[in-house]
Amino acid sequence: MKGGRSDNTEPKWHRINQIMLRNDIGIMALQETHLKDTATLKLNNTFARQMRIINSIHPESTSSAGVAFVLSKHCTLWNEARTIEVIPGRAILLIVQWRKNGEVLKLLNVYSPNSKQDKIDFWTRLRNVLESGAIPKPNIILGDFNMVEDSADRLPAHLDDHESVNAFKQIKSLLHLKDGWRDANPNELAFTYKQALLNPDSRIDRIYMTDNFLRHSRNWDIFHSGIESTDHQVVHVQVYDPGAPEIGPGHWTIPSFALEDTKLMKEITNITEDLQTNLASLNQHTIEPPDEFPQQSLYQKYKLDVTYKIKQFVKKKSLRFDTLLR
């Protein structure tokens, strides 16, 4: 997130809260947070009803690195979650229950260093911790990997340093992980990090899962957060409980603020009066081509016209609200 510790960056956290609410996100993993413990406490007080922030700071300086989990208080068992600082400021493990049968999610949020040797050392150290059994083995690893496995994930396309990639692949093999977005989009090109000038774009932000969780994942997406000062995109996925009943979007309803708009209601009234006029004239004119149920056809067109008019109004109004919030 390119820093979030100062008062100047507090709007970022309001935007994060909006993103989580709008996209029904239960857990968000952040990197490069630069948060001090005092700043984390302040943010948790500010968003006491909405979310809980669990941050891991770099031991040498809060102006570099930093990883955090943000848990929604609306749809997670946030008060029962626990975390383990695996590598302070670089890797943090979250363990949280997600199914009624007691099954847990074990998510490892990582922020890999930039330099070649530091990357090799980071992945080697992480593998040693995992192999030792000192922490539970995660079923999901996500974050900023600062490298790609495939040349197709860079533009212009090129391979990353073999030693760094291989150091990570040993962890990937150990935990039996797969790149979820790539598995769902085998032939698509998309990038999560856009650098300035002529430097290459890349998909360095990824989510890896075991087969069990990959089978129960959907709605993979990459989108911009709307935070102007960040240079990374959001990687999004929904992990669902296969035993839970499927709940659809429900019936579309007209928002109350639309019903209170005088101009919109006038337009709807005009459309309704046109319908009444057309219905009244049915007995006086022959319909071409012949229609067996002319009244139903007119009502159907009326319903479509009114729905379209209201949805266009709501869309414009929502964009205006969003601009004001930013």
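In which helix is Glu267 found? The legends below take up this residue and several other places in a predicted model.

**Figure 1. Glu267 in helix H8 of the predicted model.** Glu267 is found in helix H8, which covers residues 262-280. The relative accessible area of Glu267 is 27%, so the residue is partly exposed. In sequence, Glu267 and Val306 are 39 residues apart. In space, their C-alpha atoms are 8.9 Å apart.

**Figure 2. The protein as a whole.** Nine helices and 13 strands are found in the protein. The protein has 326 residues, and buried residues make up 44% of them. Among the contacts with a separation of 6 or more, 63% are accounted for by residues 24 or more positions apart. The average pLDDT of the protein is 88, and 88% of the residues score at least 70. Of the elements, strand E7 (residues 140-144) has the highest mean pLDDT, 98. Helix H9 (residues 294-325) has the lowest, 79.

**Figure 3. Leu94 in strand E5.** Strand E5 spans residues 91-97 and includes Leu94. Is Leu94 buried or exposed? Leu94 has a relative accessible area of 0%, and therefore counts as buried, since buried means under 20%. Leaving aside neighbours within four places in sequence, Leu94 is in contact with residues including Ile27, Ile54, Phe69 and Leu71. Ala29 and Leu94 are 65 residues apart in sequence, with 9.9 Å between their C-alpha atoms.

**Figure 4. Lys106 in strand E6.** Lys106 is found in strand E6, which is made of residues 104-111. With a relative accessible area of 21%, Lys106 is partly exposed. The C-alpha atoms of Lys106 and Ile95 are separated by 4.6 Å, and the two residues are 11 residues apart along the chain. Which residues are in contact with Lys106, leaving aside its neighbours within four places in sequence? They are Leu93, Leu94, Ile95, Pro136, Lys137, Pro138, Asn139 and Ile140.

**Figure 5. Helices H3 and H4 where their axes cross.** Helix H3 covers residues 116-132, and helix H4 covers residues 162-175. Their axes come within 8 Å and cross at roughly 20°. H3 is therefore roughly parallel to H4, because angles under 35 degrees count as roughly parallel. The crossing of the two helices, H3 and H4, is left-handed. On the H3 side, the contact is made by Lys116, Lys119, Ile120, Trp123, Leu126, Arg127, Leu130 and Glu131. On the H4 side, the contact is made by Glu163, Ser164, Ala167, Phe168, Gln170, Ile171, Leu174 and Leu175. The residues of this contact between H3 and H4 divide into nine nonpolar, five charged and two polar.

**Figure 6. His216 in a loop.** The loop that holds His216 lies between helix H6 (211-215) and strand E12 (217-223). The relative accessible area of His216 is 18%, so His216 is buried. Leaving aside neighbours within four places in sequence, which residues are in contact with His216? Gln238, Val239, Tyr240 and Pro242 are in contact with His216.

Technical notes. Residues numbered from 1 in each chain as written. Predicted model: local features only at pLDDT ≥ 70, side-chain atom pairs only at ≥ 80, totals over all residues. Heavy atoms only, no water. Helix = DSSP H or I, 4+ residues; strand = E, 2+ residues; numbered from the N terminus. Buried < 20%, exposed > 50% of the residue type's maximum accessible area, 1.4 Å probe, protein only. Contact = heavy atoms within 4.5 Å. pLDDT = per-residue confidence, 0-100. Axes fitted to C-alpha atoms, helices over the stretch in contact; angles between N-to-C directions. Parallel < 35°, antiparallel > 145°, perpendicular 65-115°, else oblique. Left-handed = near helix turned anticlockwise from the far one by under 90°. Nonpolar A, V, L, I, M, F, W, Y, C, P; charged D, E, K, R; others polar.
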